[in-house]
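Here is a quick tour for anyone meeting this protein for the first time. Have a look at the sequence and the 3D view, then read on.

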Amino acid sequence: MKIDCSLGEVVDKVTILDIKISSIQDPVKVKYCEEERAVLLTSLLENGFMNSTIEYYRRVLRLVNQQIWDDQEILRRIGTRDWTEYGKVAYLVIEKNDARFKLKRIVNELSSGEQLKEQKSYEHKTLIITFDTKDRKST
């Protein structure tokens with residue numbers, strides 16, 4: 001089955017699969033993630049979207065998605081024990097998802113003739129991203 005989607009969505013999905021491959025312990029689940037990632041990377045390559053600019057944004061999206069993944073793990077650990085802390089972390093996830101949306105939109109603009117574009121119902125914010133990568137793995 002083939003489904004059309006935006007370049008930004010594909011690049012984002014690859015980064016999420018990267019995170020899953022490095023985080024999931026079940027070898028069967030990892031194998032499925034690796035297979036899906038291979039299909040998406042092949043599609044990017046065959047369509048001429050494997051270049052240094054796309055790679056740069058893939059790395060930035062990977063960092064943002066890793067932060068979202070980590071924050072969601074914190075939310076799972078907090079559960080219903082501390083609603084104040086839960087709310088603070090949940091707000092961070094929302095902010096990082098907004099950054100993720102903006103990055104995917106930038107990637108979409110790199111594709112000439114891109115017709116599929118993700119939309120949000122709320123006002124757009126200015127995107128400013130800073131990374132403290134000393135405690136994070138870079139991929």
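Predicted model: local features only at pLDDT ≥ 70, side-chain atom pairs only at ≥ 80, totals over all residues.

Of the protein's 139 residues, 31% count as buried.

Now for the overall layout.

| α1 | 7-23 |
| α2 | 27-46 |
| α3 | 52-78 |
| α4 | 83-109 |

That core holds 20 residues, and those touching the most other members are Leu 7, Val 11, Leu 40, Leu 44, Ile 54, Leu 103 and Val 107. The largest share, 8 residues, comes from α3. Leu 40 also touches Val 10, Lys 13, Val 14 and Leu 17, leaving aside residues up to four places away in sequence.

Next, a look at one helix pair. The axes of α1 and α4 sit 7 Å apart, and the two helices pack at an angle of about 125°. They are therefore oblique to each other, and α1 passes α4 in a right-handed crossing. On the α1 side, the contact is made by Leu 7, Gly 8, Glu 9, Val 11, Asp 12 and Ile 16; α4 brings Arg 100, Lys 104, Val 107 and Asn 108.

Finally, among contacts between residues at least 6 apart in sequence, 68% join residues at least 24 apart.

Terms used. Residues numbered from 1 in each chain as written. Heavy atoms only, no water. Core = buried A, V, L, I, M, F, W, Y, C linked by side-chain atoms within 4.5 Å. Buried < 20%, exposed > 50% of the residue type's maximum accessible area, 1.4 Å probe, protein only. Helix = DSSP H or I, 4+ residues; strand = E, 2+ residues; numbered from the N terminus. Contact = heavy atoms within 4.5 Å. Axes fitted to C-alpha atoms, helices over the stretch in contact; angles between N-to-C directions. Parallel < 35°, antiparallel > 145°, perpendicular 65-115°, else oblique. Left-handed = near helix turned anticlockwise from the far one by under 90°.
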